[in-house]
Amino acid sequence: MFPTNHKTVFVLDHTPYFGISSENPIDFDVAKSRGPGYVPLPAVCKSLWTCSVEAAVEYCRIVWDLFPEGKLVRFVVSDFAAHILNTWAISQQNFTHLLNGLCLVGPVRRGAGGDVVGLCAAIEALGEPTGVQAARPPDSLFQNRGRILCITSARDDDSIRSLIDIAVNTLVQQNQKASEPQPTPVDGNNTQTLAIHYCHLIVINVTPEKTDSRVTNQPLTEMAGGLMGVEVIVCRASLLAGLLGRLVLPHYRLAITTVTGIPMKEEQNATSSANYDVEIIHSAEAHAGLRAAQTAAEATESVVLRWWTPRGAEGGAGGCHGPLWRVTPADAASRPSACLVNFLLNGRSVTLELPSKKGGGRSASHVLAAQGGELWIGALGGRSPHDDPPALSEGAGGRVTDYRIKEFGALMHQNKLYPGRGAGANTRARARLQRHTTYWPLTISSTLIFNMGSVMEPLTRLVVQESLTDEEVEQCRAVLMSLLAMEARHDLPAPHLPAAARGKSSGRREEQWRQVWSEAEALVRAHAVTPAHRALLRALQVTRTHNNGDGDSRATVIKATTDSPLSPVSGGSDVWAPRSALDALLGAPRPHRRPDFAGRMAAGNRPATLYSHLQNDEQH
Amino acid sequence: MPTVILLDVSLSMSRPLPNSDSTETHTRFTLATAAINTFLDYLCVHAKLEYVALVTFSSLCEVSVPFTREFDNIRVKLPTLEEGDKTCIETALHGVNQLVLNEWGYQTAVQIILITDGSCGVGSIGRNRIIKALPLPPTYPGKIHVLPIASPHDTSLQHAMPLYQKIVDLASNSVNNTNVTISRGSIYCPDQLNVPGVIAAMTRLCEQHYQEFWCTLKCGQLETRVQLFPAPQPASQDCLGATYTLSNQLHVIGFLTQQDLGTPIAISKHLVIPQAQVGSNAPHRENYDPKTPTKESSSSEGTSTDDDMSDPSKVPNFCVLLHGALKVEGMSAIVQLGVDWWGTLSAWCEVSRARRSCLLLSVMRPSASAAPWLGPLDQLGPSEDNSTSTETFPVRSWRSYSGGSGYAWARPHTLLADVQKVLRHARKLPDKTQHLYKELNRLRRAAISLGFSELLTCVSTALERECTTLPPTAPPECALQLAHAAAALRDPRTALDVKHSLQPLDANFTVTSMSH
């Protein structure tokens, strides 16, 4: 479950021997000679230490570029003690942290010490659980595997063998310790030492250019009953970076694609362009289709794909049916690489094709594109099983032509998502959607209130809010009032209804108004969770009951409200006196209402009696 | 998953059944035909959109019916098939691989149903040779089922079983190991060698591997029942070993513009096909029930007829509305598929059929980081007025190629380029003084982290040399700055201290030079 490449530890030898020169001079005077009297610079050689650090860092760059999570690398620098540069914590799995650590370690100093302490520390590090491993329930079984890359330099095969023996012993001992019962963690985080089920140890023996080594290559051999696989590789310091660059491919199942024929303009010669090749590294899965026709030997080489000069706007990675894989240039600092990277990071994408076949036909095979500042490759080609979909118009709901698409578009804009909104953001988004769709007719013809335009708009907009201010409640009341006024004027609720919808709902005007009121009530009732919303609902209900109760004279509501014998004496000083619907809407808002005395509510306009229930009790 | 029916038409298939006492004489081939018809009948009901091809083989392999959704083409073809010579399974699998790769490429999972007569036609040595020569695992993901038309007690079937088992096992070990886990195929032996026995075996196969997938698409209170095609497979995460199975409720959590969304990294894509609401007796408009706002009908009182209600295409469906709105607005919906698992819904139309558009669900890898440019997916949320976060799309990640490198000196040319840059600035003093020191500090930092003190000495020497080759007309400031920088690079106290940064020489000497 946890592959070996989940955990990798680099052990870098920092003993005095690594301070010696790699004997691979770099000449800085490449530029043309600058005349007589020009003293040439002495050539510079990197130390073995510099070579091993830069090779290890390059390995790491590829891993972290392609797998920002899940593939962890740690560094142990070994001299008289083991200096652990980082932990498995995600916050320490980056360049800045690593390079700061390397700065503190500094160049090789004089003094005793060896590679053994570092190797032991590395095995210990493999026993420490990573974040994902610690997050698993303690009783769950999983394979804890890892890889150690030990860059060192030994005198002969015997020293290498004793180094490996120490590693095996350490591993066995540590597993023994891990199998003993350990104190249960207090904080619930499972930080106890894990047994190591497999450790892939690669010992890389580094030598300067001109020194003969008495260490020989050893192919992968299983030791300690399959607990450890050991490999020994001998390498010149100058070739170390190349070696690790090759090793990283099988370790993480990566492959190289050579993008060939990329036209680039030269600074000196801006009218013409020269063609360049750039090597990119990505998951080997991206080549799956190409591998079909390949032998095993070819599979280790890079695949050459030709740049297909984009014509106008390309579709980006959208044409890929399958997954995308991260990409990193093999040589990040070279000019052609930088050129390709910038082209992609600026938002362009490019199709790659197989080098032209005999038939002369072109076949697009992959797409390179950037998203969010990262480069991706996707494979093209093949049909998708979902092609030729059934027409939506023949399926359920397909013949309905008056969906409220524009309104739903507005709803989508109101429910747009934004990144980084903290924990529980998904839940908040869903709750918001829930509110916005509480009463949401799908079609134009099934609603009137949403077709009434600006008359209704403030109400429909405000009522979906989580809470309403007093001011907003007032705005909604104003809407209800204008509705009443419209009805009184014998207006049609929605004169601009599309012909199709109007044809269906061409009932009598009274019926339309009845529908408007019931829809409005359904809408407000669906949201009546806060006191402010409930207040709005009460206002609406008062309006409605009055409206309906008045039977024939519904249309002449204004008259009815003023002339009704039930209406109170206008201008009465009692602010709590029952008011007609219109008064309720027109009149001053009442102060926040305390629940009224029950006796008074029962008594109506008569004086209320106190303790009326006492009489009832006596009667029983 | 497209399906290949791989039918054995070798001579042995035309053997009559041993105990066919009925009036009809059946051969193994007619039983195979019955099984295929059963299969197609099942698909007609449950998976109309499946593509099926019929490939026949004996010592030759032939595509009788290419991939099609017109299952009748296969039915018609069956009685006209000609019998061949001997069973040759590896040839057949080669042919299938070629057919699948040509048609579907290597990213589409394919199911293969091998219908044969339960005898591999060779002895145990030959059988082992066949096993070694099998062109498996295929380069495309998929699984193979075997339906031997043989009595379970047949000795030749017992002999062939290891071969069949090997085929089934190997087929699932696709090299193209994506995040989707595909369940294994199986061997479906009929209980008895007759028509009902074979049909029962085929029905078992269909029920286990051709289930349609139904779920409810929910957007707040709006919801509709949808079918996902092809049926989604459980996904897995290699690190956690956990498998994720799609829940039967997909919750829309919100919307994004297509531009912000980019191309989500889909592990699979599925058509979202709306289904008629069961029992959608729409309430009349007067009694809107706020609890079921979706179950309403376009019909209004008076014009409501039974015809309207019975035709599901005339009952409004949320899925159609969502598709229309997504298409018009150029937006996509983010959907929660399960715990820690998200997908996207977009209106999609094939390039070749620009007018036929449909709703497409892209299933992402199960993880909150499945689309890094959207940030952690569990933190996608609504805009809130009081929110302090001002992050916008795309959330950018820093990679080594994003710029500001300078550590990749493993290849000499990059080291040279960096040193040349310093020297170029050194030659253009005093204009480039700031640039010179900036580059020097960058170079120093990289050299210190790599323990490359030799480089600093070398650059120091180079700067001194520039100093000696200054033209006589150069302002004296140049020489002073170069000497200062060269000395600073050699200063044993500060040169290797990463916290120290080189500063240009204080510039008040310009006054002295003027007074000369």
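**Entry 1, conventions.** I worked from a predicted model, in which local features need pLDDT of at least 70 and side-chain atom pairs count only at pLDDT 80 or more, while totals for chains, interfaces and linings use all residues. Residues are numbered from 1 along each chain as its sequence is written, chains are lettered from A and ligands numbered from 1 in the order in which they are written, and side-chain values use heavy atoms, with hydrogens and water left out.

**Entry 2, interface.** I looked up the contacts (heavy atoms within 4.5 Å) and found 140 residues of chain B touching 130 residues of chain A. For the buried area, taken as the accessible area (1.4 Å probe) that two parts lose on being put together, summed over both, I noted about 12,100 Å², 61% of it on carbon and sulfur atoms. I then searched for salt bridges, meaning a side-chain nitrogen of Lys or Arg within 4 Å of a carboxyl oxygen of Asp or Glu, and the rule gave 2 across the interface; A:Glu69 and B:Arg365 meet in a salt bridge at 3.9 Å, N to O. Helix 9 (residues 318-329) of chain B gives the most to the side of chain B that touches chain A, with 10 residues; helices here are DSSP runs of H or I with at least four residues, and strands are runs of E with at least two, numbered from the N terminus.

**Entry 3, barrel.** I traced a closed barrel of 7 strands in chain B, in the order 6-7-11-14-13-12-10 and with mixed pairing, where two strands pair if DSSP finds at least two bridges between them. Strand 6 (residues 213-219) and strand 10 (residues 249-257) of chain B run parallel and are joined by 3 bridges, and B:Leu217 has B:Leu250 in strand 10 as its bridge partner.

Strand 2 (residues 52-57) and strand 3 of chain B run antiparallel over 5 bridges, with B:Thr56 opposite B:Glu62.
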